[in-house]
Amino acid sequence: MDFDFPLRKIIHVDMDAFYASVEQHDNPELKGKPIAVGGGSKRGVVSAASYEARKFGVRSAMAGSIARRNCPELIFVKPRFDRYKEVSMQIRSVFFEYTDLVEPLSLDEAYLDVTENKKGNPSATLIAREIRQKIFDKTGMTASAGISINKFIAKVASDYNKPNGQKTVNPEEVIEFLENLDIRKFYGVGKVTAEKMYRLGIFTGLDLKKKSLEFLEDHFGKSGGYYYNVVRGIHLSSVKPHRIPKSVGAERTFFENLSSEIFMLEKLENIAAELERRLQKSEIAGKTVTLKIKYSDFTLQTRSKTLPYFIASKDLILETAKELLYQSTLENSVRLLGISLANLNTEKEKKSEEKESVLVQLKFDF
């Protein structure tokens with residue numbers, strides 16, 4: 001079908017179980033075995049799990065104790081972030097062989113705009129296949145990819161044929177693809193939102209599409225407009241080589257649960273100092289301070305306050321975080337605290353995103 005908005009050739013590349021794959025590559029004795037990166041200590045949390053471990057229900061962000069219970073043979077490996085970054089740089093060097101429009105999302109995934117590319121190859125599908133092969137030749141690790149007309153669909157598609165696969169959603173296939181998509185597969189729809197959509201009778205993209213913009217905004221606020229557009233194949237966000245952060249934060253997980261606010265003040269001061277360092281490094285300030293509290297039963301609570309001015313200093317961040325801490329009594333003992341700063345002074349740089357002028361392309365060779 002024809003679209004009345006800009007079409008691009010976007011690839012989303014996502015490494016397969018990246019941290020775990022690096023460990024298995026560097027230590028052949030770990031190949032084929034269930035491993036978890038991180039999570040080995042008493043209060044540890046799994047950072048990544050190999051596919052062998054995932055078969056037992058081991059997932060990232062899972063408590064190490066639960067992971068070990070799910071998979072008694074699980075092997076815990078200490079994270080080596082310098083090594084992961086080194087491999088990530090090798091992977092990105094492959095991306096830049098094809099385009100300078102590369103937007104990293106993390107060490108192990110990125111968007112690439114190959115509408116116009118350095119190889120002069122009109123097929124994004126073939127480019128994705130070449131990139132995945134080159135990554136394997138250079139690092140010995142596999143990647144999956146999604147290819148489509150915008151970032152949203154490419155991101156969803158990259159998860160379809162994991163591991164070591166790819167999926168292309170051509171322009172004429174976009175609407176049917178989205179209509180048949182399980183709502184849980186929509187990027188940006190988390191567990192809580194999915195459950196809310198279920199209660200509203202929304203189970204697939206087609207169900208979502210039947211809802212009016214007014215209905216979606218009434219039930220989901222600003223996100224309603226996003227859902228209304230993406231299910232129609234509309235996602236105008238361009239690939240930005242220099243990605244502007246929406247927030248900057250720091251957090252700590254504790255070896256022993258903390259049961260009193262007094263014990264948390266020293267921890268918050270250290271977290272605020274780390275956040276100040278990150279803000280200074282990026283030359284960023286913000287207005288909205290959010291305190292993140294994870295309790296011993298793994299329930300999560302956030303408390304936020306927006307100031308009338310930008311801040312970046314440890315003292316002002318800590319002062320606001322303390323105020324949020326004492327805002328209400330704690331529900332349980334605490335295993336994690338975090339502070340983040342949003343509403344950054346980089347926000348104005350994003351305003352031009354939706355104003356881009358790109359020629360509509362009616363015929364698109366993927």
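Leaving aside residues up to four places away in sequence, Met197 is in contact (heavy atoms within 4.5 Å) with Ile183, Val189, Ile202, Leu208, Phe220 and Tyr227. The model is predicted, so local features need pLDDT of at least 70 and side-chain atom pairs count only at pLDDT 80 or more, whereas totals for chains, interfaces and linings use all residues. Residues are numbered from 1 along each chain as its sequence is written, and side-chain values use heavy atoms, with hydrogens and water left out.

Met197 belongs to helix α8, residues 191-199, where helices (H or I, at least four residues) and strands (E, at least two) are DSSP runs numbered from the N terminus. Its C-alpha atom is separated by 8.5 Å from that of Leu208, which is eleven residues away along the chain.

The unreviewed UniProt entry lists Asp14 and Asp108 under "binding site"; such positions follow the numbering used here, feature names are shortened, and annotations may be inferred rather than shown by experiment. Asp14 lies in strand β1, residues 10-15, while Asp108 is found in the loop between β5 (102-106) and β6 (109-113). Asp14 is in contact with Asp108, Glu109, Ala143, Ser144, Ser158 and Lys162, leaving aside neighbours within four places in sequence.

The table gives relative accessibility, where buried means under 20% relative accessible area, exposed over 50%, and partly exposed in between (1.4 Å probe, protein chains only).

| Residue | Relative accessibility | Class |
|---|---|---|
| Asp14 | 14% | buried |
| Asp108 | 21% | partly exposed |
| Met197 | 0% | buried |

A nonpolar core is a set of buried Ala, Val, Leu, Ile, Met, Phe, Trp, Tyr and Cys residues joined through side-chain atoms within 4.5 Å. The largest such core has 32 residues, and those with the most contacts inside it are Ile11, Val13, Phe18, Phe95, Leu112, Ile131 and Ile135. Among the elements that give two or more residues to this core are β1, α1 (18-26), α4 (81-95) and α5 (124-139). A second, separate core of 28 residues includes Val289, Ile317, Leu330 and Ile339. Val13 touches, among others, Phe95, Asp108, Leu112, Ile131 and Ile135, not counting residues up to four places away in sequence.
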